[in-house]
Amino acid sequence: MEKLVSLCRRRGFLFQSSEIYGGLNGFWDYGPLGVELKRNVKDAWWRDMVTAHDDLDAPPGAPSAYDMTGLDCTIIMHPQVWKCSGHFDLFADMLVECKESKKRYRYDQVRCRWVDGTGMQIPGSDNQYASQPTRYLITTVAENEAEELEKRALKLLKVRAKDRESLKWDGPVVTLDTVDTADFDKALAPEATKPGTFGEPRPFNLMFESYAGAIQDEKNKVFLRPETAQGIFVNFKNVIDSSRVKVPVGIAQIGKSFRNEITPRNFTFRSREFEQMEIEFFCHPSQSQAWYKYWRDRRMKWWQDLGLAGERLILRDHDADELSHYSTGTADIEYAFPFLPEGEYGELEGIAHRGDFDLRSHMEGKLDPNSNPLTVQLGEDGKPLHKGSGRDLTYRDDVTNERFTPHVIEPSAGADRGTLALLCEAYTEDTAPDDKGKEQTRVVMKFHPRVAPIKAAVFPLVKKDGMPEIAKDLYRALKKKFPAFYDEKGAVGRRYRRQDEAGTPYCLTVDGETVQHGTVTLRDRDSLEQVRIKLDDVVEEIERRVTGP
Ligand code: GAP
């Protein structure tokens, strides 16, 4: 992972936000190559899900033909949106605070392991545990958790590093939220020097707040959206009434979302500002299960087709006890990011069956997610806790004349996590011959040509004999179709290496043969195969290879 992070910075994929001022935790900027890569991911998603969707026939696996359309909603919406959606009351992570270091940690991200401390002298002025036969819970949030847990246990129990074998671990590494809080007095917090400094876990709302207008009071308080989905729900009726789309219909949106994550980390994986690519798919309740299955499989295949084709990508169905009772299915598409411990996966996209929870919440008022059947949550005064819009968001089928509240399937993907997974998957070290024919280690980003930031690079072999002129014309012709790069500096081998690190799938070299016979060398980034093709065919050939069959 460190190598990838360093390549991303060096080659201009990703920079820390406000780096010259020391950076801002949880915020990232995309550099010249990164912006193209991420845009390609978003464009591929929009094209495949929305503009290129064939609404005339049922695609393979779909229960019927369906419509797809898009929206672009504001980041700041009426505060009632977030009250009715549940984000105002429920969109919280549990955090634990260490009273000694004053640091806060996400409860489910603190990793810990019990160690036997029988008869050990434990440091600390209120040393109530000294000499007691007891166990201690060593905790960490570091990525190299095994190493860190051992280091901290050795220090706490005053065991010398050479005697590490004498540490008696008790059970596997678990997360802190699986430990009884009654045992917190034995827990050594990640940056504490003595045990017993964790406070009670408590909720922390992740929504960023701001004020609309000049007066900063409760009335003007607004929130930066933590998901793009709600903009779609509250516009459902507008879309149906203003266009010719009919249920079943998917409404798509790509846009920024904001979450004040307690512990942003793992590069862009958990950021405080990120982009989502979300579809709310509205269908008849009787068909929702079939649509859920369709979207689950469709979305998995989409990521595979974009280059995450290996075993690192999995589809994980949630167990029944992970589901809310109004949902009959949720699945996550997960990727084995290299910063995660062996065998663990991180979510790229969730596909959720949400029933009619969201449309009803915006009609009737915030529903109590624990009620069954779902009813509006009441406040202490017996009135709805958060009043709905009162608008009719039901749908009338003009063929059957049936009126119903559509059920929703929600494929919700992260553009940044997707981009990060593609970066991780692409990073490869292999060997390739240098200018003298000697095999050298090379770093190559093996992006799928569709997402590669630059599609083709053009090199004149030498800066004379008419080669630069031909190469520049070719470069200009390619640029009309897609991002291309012109490079005449340094040995050709070094120019290849620079393009390998940028993930450029094809390099074209203009040489003496080009001047004489009108052919160029096309070099394939992955196979290193070089073929000669006619200069006049280059643009079409690259286009064919980049867009695929
Ligand atoms: N509307 C449903 C929803 O927002 P989610 O699982 O909270 O569901 C969907 O988010 C996707 O958004 C995730 O699968 C992930 O790819 C991305 N995402 C969520 N939080 C993120 C964060 N802090 N940083 C980067 N991406 C995030």
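**Ligand shell and one serine**

Modeller: The shell around the ligand divides into 9 charged, 5 polar and 4 nonpolar residues. Here Asp, Glu, Lys and Arg count as charged, Ala, Val, Leu, Ile, Met, Phe, Trp, Tyr, Cys and Pro as nonpolar, and the others, Gly among them, as polar. This is a predicted model: local features need pLDDT of at least 70, side-chain atom pairs pLDDT 80 or more, while totals for chains, interfaces and linings use all residues. Residues are numbered from 1 along each chain as its sequence is written, and side-chain values use heavy atoms, without hydrogens and water.

Biologist: Which of the 18 residues come nearest to the ligand?

Modeller: Glu227, Arg259, Glu261, Glu278 and Glu347. Being near means a heavy atom within 4 Å.

Biologist: What does the side chain of arginine 259 reach?

Modeller: One of its N or O atoms is 2.8 Å from a ligand oxygen. A polar contact is an N or O pair within 3.5 Å; within protein, one must be able to donate a hydrogen and the other to accept it, and residues adjacent in sequence count only if both atoms are side-chain atoms.

Biologist: And backbone atoms?

Modeller: Phenylalanine 269 puts a backbone N or O atom 3.2 Å from a ligand nitrogen. A polar backbone atom of glycine 414 is 3.1 Å from a ligand oxygen.

Biologist: New topic. Is serine 371 buried or exposed?

Modeller: Serine 371 counts as buried because its relative accessibility is 11%. Buried means under 20% (1.4 Å probe, protein chains only).

Biologist: What does its side chain contact?

Modeller: The side chain of serine 371 has a polar atom 2.7 Å from the backbone oxygen of aspartate 368. It also reaches the backbone nitrogen of threonine 375 at 2.8 Å.

Notes:
Buried < 20%, exposed > 50% of the residue type's maximum accessible area, 1.4 Å probe, protein only.
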